[in-house]
Amino acid sequence: MSTQEAAGPLAPQRLRCEYLSNPLGLDERWPRLSWWVNDARRGAVQSAYRVLVASSAAVLDDDDADVWDSGKVTSDRCIHVAYEGPALESRQRCFWKVCTWDGEDRRSPWSDVQWWEMGLLDEKEWAGSWIGLARAESDDSQPCPFLRRSFRIEGPIVRARAYVTARGLYELYVNGQRVGSDSFTPGWTDYDRRIPYQAYDVTDLLREGENVVGAILGDGWYCGYLAWGKGGRQVWGTQPSLLMQLALDTRDGATQIVATDEEWRASSGPVLKSDIYNGETYDARLEMPGWAGPGFDDSGWDTPRVFEPTGAALVAKRSEAVQVIDEIKPVKMTEPVAGASIFNMGQNMVGRVRLKVEGPAGTRITMRHAEMLNPDGTLYTANLPRAKATDEYVLKGDGPEVYEPRFTFHGFQYVELTGCPRTPDLGTVTGVVLHSNTPPTGEFECSDPLVNQLQHNIVWGQKGNFLEVPTDCPQRGERLGWMGDAQAFVRTACFNMNVAAFFTKWLDDVEDGQAEDGAFPDVAPNVLPGKGVAGWADAGVICPWTIYLCYGDTRILGRHYDSMARWIEYMRATSNSLTRPDFGYGDWLAPGLVSAGDAPTPKDLIGTAYFAYCAGLMSSIARILGKTEDAEGFASLSEDVKGAFNREFVTPAGRVVGHTQTGYVLALAFDLLPDEKRPVAVRHLVSDIERREWHIATGFIGGILLAPTLSRFGRTDVAYKLLTQETYPSWLYPVKHGATTIWERWDGWTEERGFQDPGMNSFNHYAYGAVGQWLYATVAGIDLDPDEPGYKHIVIRPEPGGGLTHARGELLTMYGRVASAWKLEEGQFVLDVAVPANARATVILPTSDSGNVTESGRPLEEAEGVSGARVEDGSVCCHIGSGEYAFVVRQ
Ligand code: BGC
């Protein structure tokens, strides 16, 4: 017996509160706690837990709880355990720890102590006014406001917090030091409805005597260039403004507040322009050394302008901030035109450039960004409508200078420098990669280097487009939270990174964008007129559902239930005998079209398919939330819509109108067809693919489900043919041609015609990367069970093929690490599986003879922790508990 077996489980790990590690500034009044049961034994379960919540770590050290003691709760629940103590108050910090019991009622040691801290729960607690700079109204970007306030602290401060937000963007400083490391704060929402704020611990930045708090403001999404309505800028307001307060707690229990008001001072400074689409202009000669610290003479500064509040709710930021995630060194420098140096970052990335230069004062260096090069080696910027993507730096001339813009980001692989005083070298620029700091959770790898590059491109598409909201693209003057793209990619995104908090936040934006009549918008936050589009608006149901599936989060379903139900009702009310209208984006960007929305799959067919599907999802959602009557209503609506689909779009012989890959995929994936027509549809789908010599013919809509549907209906062989296809149109065609991200179009660039229509041709769009879910779920074989979501019950079903000799997937779930790695070796299929404690799996092996299978060298029936071995649908399957397993299938 190992030491662990004798001692029982180890201390729980990875404690999270509302998905976050030690969140500061929470306004979820009943936060949920999650942990990983720490027990490497096979078949380890949690039979009970106990959570202690206290006002200090010291109290917990005595195993006491002066806030809440859950007591020993007999339950296997280790995710989303809701705090149930007394109502939490503003600014309250709660320390917590947890222990678990195993199946033999042996108790683990206590976990490490973690904490969460509440934000400001009542808007009346915001003491300040919105302040900014009295800038002239202008039809172009204006200099960024600098704001400062000096104040005194007389006695010791035991705790200091900054609560801060802006309409626009802010960077906060205390005594000359940047507060936190977040970018693009406070984040992007529909600012008319809700404005996020951050809370920072600034205790260590303050001292007795004079102190200074300062901020720089940017236009950001709030009043910078955005989308294309209303002159293309100033969507929510015309000027940026700051609202913040420092709460300084003294030893005697009093709190001193320093809030934004007319006592502050305001000025412009070196940032002459800073805009998300267009870039930043910075004149270092205008720097004001020491402006954010004590002792600076601000007598030349102005009184700030006070702006009215708008009535939008102030909400604690509930997702990971955008941060610097990585740095990239350029791989090559060229000079296609004298004086213009082009740096190749080797990766289509999102973020900005840090520039290191030296030269005379007044020298102006221009940095232009692009994803591609023209054939002559110069920058290709034609595909950046409405985005100048240009930063300018004017040197102050006092030695080596380092510059990095702050309120802008670019999508680029190449940056061109002009105006450099001396020839730059590879050390002159560094690529600074920025995105929402969603923790990486997935890895996929296999024996085909091209497929590995595809996976790399999918991940980089996610990095570049998960910046505050899930966007379509990061480079041109668009970068919007397109709903269709998000629903296409959400499942894949959940494999690569933990995006639960990210989508929790964004789904509020989605609901904020819902029209009175129940139609979800095209984009969220909503800045465009479009709404109610099939496959786009449906993100309002599909994304909460996917977050539920992948993270076991029922609260998100409850939170948006009414809004989702209104969308279903909208579809019902605006359909013609339950058939959706012929409108929308259709199977957007199917290959070989004259215009992007012109795909051959009828739009009313797509709309009706999604209507049936989402009504069906709503039925499941209602059932999960205990709304039985609603569940029945939605189920019968879904059945009725399926009836309409079959009447309108399916011939008696089983042909789906339009006879397209996408039509068949939707009909099959959404279970729209009667049983007898399914094989016919599969045959039509496969023969269309074959007719095109194993090429894809789907756009965004069909592309999401093509490979999973083929696999579900027994044609994984065909899915592999598509996956490994190297000629256009295919996933690997861009890979073969040097892509490092997923392209918007199958033919963004081709050997025959070069670049596609520059008006809409992004080289960093994740939608086609939706094939990633199939790589994880079918090639590596890690899937979930909707009846036990969050990977409580895992389905391990690798399906080898496509000439691959090995594949490996790993996923850090809410329960812990799941792994599935297989290889073909000397006529054997070898599969290593890892299942986290307190979860279990069904393993489905690619053989029909259980006599061929061993686990750790033993026949299945005798293997420890393996049960229920049987043959089902022609495959050997068995149940396993947690732990590591080694299966071998003799072939
Ligand atoms: C975006 C897409 C989006 C589409 C909708 C485009 O401009 O880039 O990804 O889904 O519009 O039609």
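A search of the whole structure finds ten cavities of 30 Å³ or more. A cavity here is a set of points, on a 1 Å grid over the protein atoms alone, where a 1.4 Å probe fits but cannot get out. Grid points are joined across faces, edges and corners, and a volume is the space filled by probe spheres set on the points. Rolling a probe the size of a water molecule over the atoms shows where empty space is left.

Before the details, some housekeeping. This is a predicted model, in which local features need pLDDT of at least 70 and side-chain atom pairs count only at pLDDT 80 or more, while totals for chains, interfaces and linings use all residues. Residues are numbered from 1 along each chain as its sequence is written, and side-chain values use heavy atoms, with hydrogens and water left out.

The largest cavity has a volume of about 190 Å³. Its lining, meaning residues with an atom within 4 Å of a point, has 13 members, and Arg14, Arg16, Trp36, Asn498 and Met814 are the closest to the centre. Domain 1 (3-118) and domain 5 (785-890) each give at least three residues to this lining; the domain bounds come from an automatic or database domain assignment. Strands E1 (10-17) and E3 (32-38) each supply at least two residues, and E3 has the largest share, with three. Strands are DSSP runs of at least two residues, numbered from the N terminus.

By residue class, the lining of the largest cavity has seven nonpolar, four polar and two charged residues. Nonpolar means Ala, Val, Leu, Ile, Met, Phe, Trp, Tyr, Cys and Pro; charged means Asp, Glu, Lys and Arg; the others, Gly among them, are polar.

Now the pockets. A pocket is an open set of points with protein on both sides within 12 Å along at least five of seven lines. The largest pocket holds about 1,600 Å³ of space. Its lining has 50 residues, with Arg491, Pro708, Arg712, Asp783 and Pro786 nearest the centre. Of the lining residues, 25 are nonpolar, 13 polar and twelve charged. At least three come from each of domain 4 (442-778) and domain 5 (785-890).

Where is the second largest pocket? It lies between domain 1 (3-118) and domain 2 (123-319), because both give residues to its lining. Its space is about 550 Å³. Leu20, Asp182, Ser319, Glu320 and Ala321 lie nearest the centre, out of 24 lining residues. Strand E15 (194-201) is one of the contributors, and E15 gives the most, four residues.
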